[in-house]
Amino acid sequence: MPQSPWLNISDDSDFSIHNLPYGIFSTASRRPRVGVAIGEYIIDMAAVAGRGKLHDLKVPLEVFEETSLNAFMRLGKAKWKVVRQRLLQWISQENSPLEQLKNECLVRQSEARMHLPVQIGDYTDFYASEEHATNVGTMFRGKENALLPNWKHMPIAYHGRTSSIVVSGTDIHRPKGQIMPAGAETPVFAETQKLDFELEMAAVVGKDSQLGHPVSTEEAEDYIFGFVLFNDWSARDIQRWEYVPLGPFLGKNFASSISPWIVPLEALQAFQKDGPEQIPNPLPYLQKANPRNFDVQLEVSLQFEEGESQVISQTNFRHMYWSIHQQIAHHTVNGCNLRVGDLLASGTISGKTPGSQGSMLELSWNGERPLQLNSGVSRSFVEDGDTIRMRGFAEKENIRIGFGEVTTKILPAL
C-alpha cells in the first residue's frame with residue numbers, strides 16, 4: 001500500500017500508513033482524548049467522530065472523548081478492525097472526508113502533549129529472554145547454575161505495581177532503600193548506586209477473560225490490542241538484598257516507563273517470525289502449532305547531561321525464548337483472568353552478541369567492565385542527569401512500523 005496521496009509522510013517515519021497506532025493526547029485547546037498517529041500528525045478521533053464520519057460503523061463518539069483507550073478497546077476486535085480500515089481508506093484516497101476535514105481533525109505531534117494511553121489494571125513482568133536470564137544467573141550463581149531448573153519449563157514472571165507506570169517524558173528521581181554493602185554485616189538505608197534500565201516490550205490486553213477459564217496459546221492473540229515499548233527501571237543493589245524469598249519489591253516498583261503509542265497487533269502480523277527452538281518440549285498447554293515472535297528491532301541510547309547521545313544496545317524482540325502466546329497461556333492456566341488495560345511486559349530483551357544486552361547490569365557486567373562512551377565518559381550504571389531513550393521499529397519490503405520512543409531523565413534522589 002502506498003503512502004498517502006494528500007498527506008506528506010516521510011519514508012522513514014515511525015508512523016506510516018501501515019502503522020496507525022493509538023494514543024491519548026491533548027493540546028492547548030483540546031482536552032485529553034484518543035488520537036491516531038500518522039506521519040507528523042495526530043488524527044483527532046473525537047473530532048472525526050463528532051462530525052458523524054464514523055456513525056455508520058456504530059462506534060460511539062464517547063469512546064474517543066475518554067482519557068484512556070479502555071472504552072475503545074472494550075468495543076472488541078471487530079470494531080478495532082473496521083475503524084482501522086476506514087482510516088486506511090481515507091488516508092490513501094484523495095478528497096476523502098479526512099482530507100476535507102484536515103484543518104479540524106489533524107494536529108501536529110509537535111503541538112501535542114502525550115498521556116498514559118491506558119488505565120492500567122494489573123501489570124505482569126515476565127523473565128522470558130534466555131540470554132538475559134543466563135547472563136544474570138551467571139553473574140550471581142555461576143555458569144553451571146545460570147538457569148534455575150524451572151526456567152525452560154514455564155515463563156517465569158511476577159506481578160508488579162501499576163501506580164508508578166509513567167508515560168515517556170516523565171522524569172524519575174533516583175530511589176532509596178535498604179542496601180547491604182560489600183563486606184558489611186548490616187544493611188544501610190541509602191540511595192541506589194546501581195540504577196538500571198531494562199529494555200522490554202509490553203502487550204496491552206484488549207479483552208477480558210473469564211475467571212477460572214484459561215486462555216490457550218491459540219486464543220492468545222484475541223486478547224492482545226497492541227504493543228508498547230517498556231522500560232522497567234531497576235535498583236540492582238536494593239533488589240539483590242530484598243528479593244529472597246519473595247522476589248522484586250522496592251528495587252522495581254518505584255517506576256516503569258512506557259511509550260505513548262500503542263502499535264496495533266494487526267499492524268505487526270506481517271512481522272511474525274519463528275522463535276528459538278525450545279528444548280525440552282514445553283508441556284502441552286504451552287505448545288502452539290506455530291510458536292511465533294515479532295521481528296522488532298530495538299535500541300537504547302544514553303545521553304549524559306549536556307552531552308551527546310550514543311546508542312549503547314541493539315537487539316530484537318524476536319529473540320524471546322517464551323512467546324507472548326505462551327506467556328498468556330501460562331498466566332491464565334490456573335484460572336487467573338485478564339482485564340482490558342492489563343500490561344504484560346516481556347522482561348529484559350537481550351541477544352547473543354556483544355552490545356545486544358538489554359540492561360546496564362549486563363552491558364557493564366555488574367560494573368566490572370564499565371561501558372566506554374565516545375566522549376571519554378564511562379558508565380557502569382545510570383547516573384543522575386542521564387537520559388535513557390529506547391526506540392523500536394519493524395521494517396521489510398519498504399514497510400516500516402515504528403513505536404516512537406520512551407525517554408526518561410534521571411533526577412537526583414529526593
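This is a predicted model: local features need pLDDT of at least 70, side-chain atom pairs count only at pLDDT 80 or more; totals for chains, interfaces and linings use all residues.
Modeller: Residues are numbered from 1 along each chain as its sequence is written, and side-chain values use heavy atoms, with hydrogens and water left out.

Biologist: Which residue does a cis peptide bond join to Val 244?

Modeller: Most peptide bonds are trans. Here the bond is cis, with omega about 10°. Val 244's partner is Pro 245.

Biologist: Where is Pro 245 found?

Modeller: Helices (H or I, at least four residues) and strands (E, at least two) are DSSP runs, numbered from the N terminus. Pro 245 is found in the loop between helix 7 (236-242) and strand 16 (256-258).

Biologist: What is omega for the cis bond between Ile 279 and Pro 280?

Modeller: Pro 280 sits in the loop between strand 18 (272-274) and strand 19 (292-294). The cis bond joins Ile 279 to Pro 280, with omega about 0°.

Biologist: Is Asn 366 buried or exposed?

Modeller: Buried means under 20% relative accessible area, exposed over 50%, and partly exposed in between (1.4 Å probe, protein chains only). Asn 366 has 19% relative accessibility, so Asn 366 counts as buried.

Biologist: What is the phi of Glu 397?

Modeller: Most residues other than glycine have a negative phi. Glu 397 lies in the loop between strand 25 (387-396) and strand 26 (399-411). Glu 397 is not a glycine, yet its phi is positive, about 50°.
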